[in-house]
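Thanks for coming, everyone. Please have the sequence and the model open. I'll go through the fold piece by piece.

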Amino acid sequence: MKPIDDFSFVKNNQVSKDMTNLIRVYLPIVGSDAVVVYQYLTSFYDGGQGRHKFAEILNHTLFDLPRFEAALAVLTGMDLVAFYQDLSNYVIELKEPLTAQDFLANPVYRRLLESHIGDAAVAELETQDLSQLRNLSKKFSQVFSDKGEVDLQPLQTKTNFDLDSFKQRMTLDGLYFGNEKQDVIALNNLSERYQLTWFDVYQLAKETSSNHKILPKRILVKLQQPQESDSQGFSHEEEVILREAKSSTPENFLAKVKMGLGAVTTTAKEKKILADLVEMDFLDEVINIMVVYYFKRNQSATLGRNAMMSLANIVSANKATSAEAALRVLSQHSQAYSKAKNRGAGPAKQTSSSVPDWSNPDYKEETSPEEQVKLDEMKRQMLQQLEKGGD
């Protein structure tokens, strides 16, 4: 390279003349000579329209050629300039300095800067961490209308939980909170998570309430409930059971079933069993399936706690959150254990337990013909009462 040699700029390669980042993070590394040359190139950039002599740069910066060449080499090394040559001309491409944040994110550049000004000084250049702050910035669609006009009217979103309206409906329907502070937070979170209006949440709260008490955990179970395809694949008997299970509270459903079995009164112990299942966050329809399955498999007109809890464990372990899913799970469970007789006898029966034999993994089906006749008759009477809808 000679002072009389020509150079030109790359066309349409204008870069910002803001030297802030150049001074803050590049200067300690590249030195003042490189900064002066870079400032000259950006100040005299002509869009690549003509040719210039290197002597112009030397004359303006008061550098000799070796000093200029050294500064240019540093600029290319830090990717602030790219330098090219063809047969008769040199070409200079200008590049934007990195932002301080991007510069410090480069581990090599950061270590190089730390070696010149120290770790503490480099740390002072870091951008504040905003990850723990709440972002109040508005989205584009919240500022501009479809016509591109500024429209800063507050947008009503589906997640604005209207507690006052919610509580007014509660009063009308006689519902109440178990723990208002916790329940309101839970209901608001459900509204936001599932993009529900306060009325959507209220409808679910009313549907999943028990004895007029709102139970947010049961709302969550309902929201996570998989969509079942009607009653496809179920027998007529099972369709009747499913229909009634979905339309009755556990106490009403139990009363219908017991009426079909010739029992009139629901005992306090039975009501406690049902209440405990509700507290375990089972939906009414699932509890009702457990109830009907209990009576289908036991020669008794009274619910037994151990047996019902055994059913609850089976349903819970299989994550059956709908009546259809619970019916399938319990049917498959019973069928699987009935096949145990093909694998040989299991352990001796526990006659002192109220857990049904069929819920035991080693169960061997040994129902006598007489017992089976009684069970079939009980099932017939129970189904008949359910078909009548409790009338």
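The largest nonpolar core holds 40 residues, and Leu 277, Ile 289, Met 290, Val 291, Leu 303 and Met 308 have the most contacts inside it. A nonpolar core here is a set of buried Ala, Val, Leu, Ile, Met, Phe, Trp, Tyr and Cys residues joined through side-chain atoms within 4.5 Å. Buried means under 20% relative accessible area, exposed means over 50%, and partly exposed lies in between, with a 1.4 Å probe and protein chains only.

Who supplies this core? At least two residues each come from helix 12 (236–247), helix 13 (250–260), helix 14 (268–279), helix 15 (284–297), helix 16 (305–317) and helix 17 (323–338). Helix 15 gives the most, with 9 residues. Helices (H or I, at least four residues) and strands (E, at least two) are DSSP runs, numbered from the N terminus.

Look at Val 291. Leaving aside neighbours within four places in sequence, Val 291 is in contact with Phe 253, Leu 254, Leu 274, Leu 303 and Met 308. Contact means heavy atoms within 4.5 Å. Apart from this core lies another, of 38 residues, and among them are Phe 9, Tyr 38, Tyr 40 and Leu 72.

Now the ground rules. This is a predicted model, in which local features need pLDDT of at least 70 and side-chain atom pairs count only at pLDDT 80 or more, while totals for chains, interfaces and linings use all residues. Residues are numbered from 1 along each chain as its sequence is written, and side-chain values use heavy atoms, with hydrogens and water left out.

Some totals. The chain has 18 helices and 6 strands. Of its 391 residues, 40% count as buried. Take the contacts with a separation of 6 or more: residues 24 or more positions apart account for 69% of them.

**Helix 8**

Which residues of helix 8 are buried? In this helix, residues 163–173, they are Ser 165, Phe 166 and Met 170. Seen down the axis of helix 8, they fall within an arc of 145 degrees, so they line one face. That arc is taken from the directions from the helix axis to the C-beta atoms. The face turned away from the buried side carries exposed Asp 164, Gln 168, Thr 171 and Leu 172.

What covers the buried residues? The cover includes strand 5 (176–177), helix 9 (180–193), helix 10 (198–208) and strand 6 (213–214). At the N-terminal end of helix 8, Asp 162 is the cap, with a side-chain oxygen 3.3 Å from the backbone nitrogen of Asp 164. Just after helix 8, Gly 174 takes a positive phi of about 75 degrees.

**A buried lysine**

Lys 222 sits in helix 11 (residues 216–223). Why does Lys 222 count as buried? Because its relative accessibility is 18%. Beyond four places in sequence, Lys 222 touches Leu 204, Glu 207, Thr 208, Leu 283 and Glu 285. Lys 222 and Leu 204 are 18 residues apart in sequence, and their C-alpha atoms are 7.9 Å apart.

pLDDT is the predictor's confidence in each residue, from 0 to 100. The chain averages 83, and 82% of the residues score at least 70. Confidence is highest in helix 3 (residues 65–77), at a mean of 96, and lowest in helix 18 (residues 369–387), at 62. Over residues 345–367, pLDDT stays under 50. Where pLDDT is low, the predicted coordinates should not be read in detail.

Note on methods. Polar contact = N/O pair within 3.5 Å; in protein donor to acceptor, adjacent residues only side chain to side chain.
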